[in-house]
Amino acid sequence: MPEHVVGVDVGGTTIKSALVDAGSGILMGQRFVADTPRPATPTAISECVAEIVRALAPTDATPVGIALPAVVRRGVVETAANIDPSWIGYPVEDSLHTALARPVTAVNDADAAGIAETRRGAAAAGSGVVVVTTLGTGIGSALLVDGTLVPNTELGHLPMSGRPAEHLASTAAREREGLSYVKWAERLTAYYGLLESLLTPDLIVVGGAVSASADRFLPHVRTRAPIVPAALGNDAGVIGAALAGRRVADQPVVMPAAG
Ligand code: BGC
């Protein structure tokens, strides 16, 4: 297993990164935050990631885990609800692997948060069905069954009053509509009710930057399952991306066949 992994969490406004201990998932030193380039195309983001890796990676072999606000399957981006549409179809793992000459793993950002919260956060003791949601520009979701991730669930796009739920219940929706925390909690009650009717989770974790203000809205959100704030806050994406990068770095890197 590598000793360290560079974790990178690409968001709509910032790119967060840190060197992470591969065993414990603990940040080694400072977390860096840079503005997300605009437009946030694959080329622009890849340049940022290359700079981050040059600054952070102690050796040429240090692997990289990258979290993106998109469905990522077998290293290819499949959706782009909150990032530049040019990401769709982009082979992010292969491209960054070539550019950085080291193992690269890409995962959905909410899945990264779910991995981190399960490893050393609010879901660490959670067996059974756990849903980790991230409330931000969109709503991200990670579904974990006895600690195993079911990736790319995209539960923020469930229809609510005929619209994708994230258009009504994300942090961005609260800010856009000037909702009080209590009013927003009503929307969240409806949203989590929908999740519960589908999945009957044993635990719901609420992440995203707003989890730091959980005491303002969470007491007003009614759910059947226990609902708790995320423990790792803004670090969850970086940590989870790194932990995902560590897992894949354990496997041999399969190089494309010549010709
Ligand atoms: C995207 C998800 C992402 C979530 C949080 C949604 O709009 O579809 O892939 O996890 O936003 O960033």
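**Exercise 1.** Which residue has a polar backbone atom 3.3 Å from an oxygen atom of the ligand?

*Solution.* Start with the model: it is predicted, local features need pLDDT of at least 70, side-chain atom pairs count only at pLDDT 80 or more, and totals for chains, interfaces and linings use all residues. Residues are numbered from 1 along each chain as its sequence is written, and side-chain values use heavy atoms, leaving out hydrogens and water. Now look at the backbone of Ala 70: a polar atom there is 3.3 Å from a ligand oxygen.

**Exercise 2.** Find side chains with an N or O atom 2.8 Å from an oxygen atom of the ligand.

*Solution.* First, go to Asn 82, whose side chain has an N or O atom 2.8 Å from a ligand oxygen. Next, take Glu 166, where a side-chain N or O atom is also 2.8 Å from an oxygen of the ligand.

**Exercise 3.** Work out where the ligand lies relative to domain 1 and domain 2.

*Solution.* Domain 1 (4–111 + 237–248) and domain 2 (124–231) each give residues to the shell around the ligand, so the ligand lies between them; the bounds come from an automatic or database domain assignment.

**Exercise 4.** Locate the cis peptide bond at Pro 39.

*Solution.* Step one: the bond joins Arg 38 and Pro 39, with omega about -5 degrees. Step two: Pro 39 is in the loop between strand 3 (32–35) and helix 1 (42–56). Here helices (H or I, at least four residues) and strands (E, at least two) are DSSP runs, numbered from the N terminus.

Note on methods. A polar contact is a pair of N or O atoms within 3.5 Å; within protein, one must be able to donate a hydrogen and the other to accept it, and residues adjacent in sequence count only if both atoms are side-chain atoms.
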